[in-house]
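Dear colleague,

Please find the structure we discussed below. My notes on what was found in it follow.

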Amino acid sequence: MTSLDKPTTEETSADTSADDARAVTEAALFEAFGGVRGMVETVLPGLLFVSIYTVNKNLHMSALAALGVALVMVVVRLARRDTVKHAFSGVFGVGFGVVFAMMTGNAKDFYLPGMLYTLGLALAYIVTAMAGVPLIGLMLGPVFKENLSWRTRNPGRKKAYTKASWAWGLILLAKCAILFPLYWWADTTQLGWVLVALKIPPFLLAVYLTWVFLAKAPPPIDVFAEMEAEERAEEERKAAAAGEGGGAPAGRHRRQS
């Protein structure tokens with residue numbers, strides 16, 4: 001290998017920093033969206049509902065079983081002292097579905113609150129992206145410790161967040177375009193199995209596209225580290241000022257003597 005073929009130190013460090021940035025992005029996305037356990041907690045209640053209903057057509061048993069497993073997952077997280085936001089969101093979603101289905105007596109209405117939430121979330125992604133305040137940036141900014149610095153100080157990341165929000169919005173709209181016609185035309189079991197099948201693939205596609213956009217974007221500005229550095233600098237200035245103030249009288253006393 002010639003000297004021209006050998007990677008330079010700068011190239012090696014650049015590759016390492018790029019790999020580190022990708023690893024940080026992967027970890028942040030994993031944390032923000034719940035990872036494997038979050039996906040299981042999202043899918044399991046609906047899967048249990050449609051499985052039981054397919055067998056015995058009993059709305060009450062299916063609904064209570066779905067709500068029960070959602071509550072069990074929250075208890076498990078609390079016992080393990082894990083983050084419960086994903087499990088709690090699942091309980092609330094299942095709870096609304098159970099109440100709605102019980103009130104109407106229509107088993108398909110178990111899925112309607114979640115479908116409406118998906119539609120509203122899709123519109124929120126698109127509207128905020130059009131407004132220049134992409135929702136995915138608002139969600140991930142604190143995870144990356146950059147807060148809203150990307151809006152004014154990091155245009156490359158703002159562009160990436162905008163692309164990611166568009167991706168999420170369009171993917172969720174496509175999902176709604178499949179589910180809402182089925183809500184009107186298909187029976188409960190058909191709707192339920194299609195909905196279960198569409199839980200994970202669109203989610204994984206949206207997360208993957210978000211990772212692609214952010215991996216190519218500039219690194220986040222750690223505003224927390226900046227604030228800590230400013231606080232340390234201020235403390236050093238105060239300490240220096242106090243030292244100068246304490247040394248001045250002694251100097252004057254020596255001149256007077």
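Leaving aside its neighbours within four places in sequence, Leu59 touches Phe49, Tyr53, Ala101, Gly105, Asn106 and Ala107. Please bear in mind that this is a predicted model.

Leu59 also belongs to the largest nonpolar core, which has 26 residues. Together with Phe49, Val94, Phe110, Tyr111, Met115 and Leu179, Leu59 is among the members that touch the most other members. At least two residues of this core come from each of helix 2, helix 3 (59-80), helix 4 (85-104), helix 5 (112-130), helix 8 (155-185) and helix 9. Helix 3 provides the largest share, with five residues. Another core lies apart from this one; it consists of 20 residues, including Tyr125, Trp150, Ile171 and Val207.

As for the chain as a whole, it contains eleven helices and zero strands, and its pattern along the sequence is accordingly written α-α-α-α-α-α-α-α-α-α-α. Of its 257 residues, 37% are buried. Among contacts between residues at least 6 apart in sequence, 72% join residues at least 24 apart.

One helix pair was examined in detail. Two packed helices are described by the angle between their axes and the distance between the axes. For helix 2 (residues 35-56) and helix 9 (residues 188-197), the angle is about 155° and the axes are 9 Å apart. Helix 2 is therefore roughly antiparallel to helix 9, as the angle is over 145 degrees. The crossing of helix 2 and helix 9 is left-handed.

Which residues in helix 2 and helix 9 meet? On the side of helix 2 they are Val43, Gly46, Leu47, Phe49, Val50, Ser51, Tyr53 and Thr54; on the side of helix 9 they are Thr188, Thr189, Gly192, Trp193 and Val196. By class, this contact comprises seven nonpolar and six polar residues, with no charged residues. Phe49 and Tyr53, which take part in this contact, are also in contact with Leu59.

Finally, a note on Thr118, which is found in helix 5. Is Thr118 buried or exposed? Thr118 counts as buried because its relative accessibility is 13%, and the cut-off for buried is under 20%. Leaving aside neighbours within four places in sequence, Thr118 is in contact with Leu172, Lys175 and Cys176.

Yours sincerely

Conventions
Residues are numbered from 1 along each chain as its sequence is written. This is a predicted model: local features need pLDDT of at least 70, side-chain atom pairs count only at pLDDT 80 or more; totals for chains, interfaces and linings use all residues. Side-chain values use heavy atoms; hydrogens and water are left out. Axes are lines fitted to C-alpha atoms, for helices over the stretch in contact, and angles run from 0 to 180 degrees between N-to-C directions. Helices (H or I, at least four residues) and strands (E, at least two) are DSSP runs, numbered from the N terminus. Angles under 35 degrees count as roughly parallel, over 145 as roughly antiparallel, 65 to 115 as roughly perpendicular and the rest as oblique. A crossing is left-handed if the near helix is turned anticlockwise from the far one by less than a right angle, and right-handed if clockwise. Contact means heavy atoms within 4.5 Å. Ala, Val, Leu, Ile, Met, Phe, Trp, Tyr, Cys and Pro count as nonpolar, Asp, Glu, Lys and Arg as charged, and the others, Gly among them, as polar. A nonpolar core is a set of buried Ala, Val, Leu, Ile, Met, Phe, Trp, Tyr and Cys residues joined through side-chain atoms within 4.5 Å. Buried means under 20% relative accessible area, exposed over 50%, partly exposed in between (1.4 Å probe, protein chains only).
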